[in-house]
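Colleague: Could you walk me through this one? I have a few questions ready.

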Amino acid sequence: MNRRDQLESLPIYQKAEEILKLINGLLVNLPEEDEYLNHTKYMMRDDISLICAKIAGAEGGDEYTIRMQNAAIIRDHAMHLYVQVGSLRFHENFKDKEFVTLIRSEIDQFRQLFIAWVAGFDKSNHYWDEWELFNPPGAIPPDPNAYQDPINLDDFFEDFGEEEEE
């Protein structure tokens with residue numbers, strides 16, 4: 001099975017694609033002349049499109065730190081999408097209130113799949129996140145004296161500004 005097939009077989013990715021289809025169906029029915037709804041629909045489409053892309057990015061490698069960074073972005077956009085969809089209920093030009101309930105229910109199901117997906121990340125395959133936000137529990141920081149900067153700026157600037165001798 002190729003990588004694309006593996007991605008498309010993931011329940012979390014399938015759910016994100018379902019939500020994308022629902023959002024696209026919703027967007028067709030929003031009136032173009034309403035500035036608020038028009039602005040909101042682009043934010044919703046951006047959120048769900050980014051969620052799909054970040055799932056693919058997280059699955060692109062099996063590195064814990066990168067996967068967690070993508071997961072944090074997915075969570076943020078899923079929460080934003082949930083709020084944006086819910087805000088439609090309060091707008092006078094939006095008539096399909098039951099659609100809001102359906103999409104929010106799908107986002108709740110996505111959240112459950114997300115929790116299981118993140119729990120399955122391999123914590124042993126990680127690099128140290130110097131910001132210490134995405135290190136797995138119990139990770140031990142590297143020895144600060146052992147770090148070797150691949151670009152030694154001291155060497156680079158050592159002769160900078162000195163005139164060449166003739």
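Predicted model: local features only at pLDDT ≥ 70, side-chain atom pairs only at ≥ 80, totals over all residues.

Here are some questions and answers on the fold, the surface and the pocket.

Colleague: What percentage of the residues is buried?

Modeller: The chain has 166 residues. Buried here means under 20% relative accessible area. By that cut-off, the buried share is 35%.

Colleague: Thanks! What part of the contacts with a separation of 6 or more links residues 24 or more positions apart?

Modeller: A contact needs heavy atoms within 4.5 Å. Among the contacts with a separation of 6 or more, residues 24 or more positions apart account for 69%.

Colleague: Which helix gives the largest share of the lining of the largest pocket?

Modeller: The largest pocket has a volume of about 160 Å³. Helix 4 (64–87) and helix 5 (97–119) each give two or more residues to its lining. The largest share is 5 residues, and it comes from helix 5.

Colleague: How many charged residues are in that lining?

Modeller: The lining residues are R75, A78, M79, Y82, I107, D108, F110, R111 and F114. By class, 6 are nonpolar and none is polar. Arg and Asp count as charged, and the number of charged residues is 3.

Notes
Residues numbered from 1 in each chain as written. Heavy atoms only, no water. Buried < 20%, exposed > 50% of the residue type's maximum accessible area, 1.4 Å probe, protein only. 1 Å grid on protein atoms, 1.4 Å probe; cavity = no way out; pocket = protein on both sides within 12 Å on 5 of 7 lines; lining within 4 Å. Points joined across faces, edges and corners; volume = space filled by probe spheres on them. Helix = DSSP H or I, 4+ residues; strand = E, 2+ residues; numbered from the N terminus.
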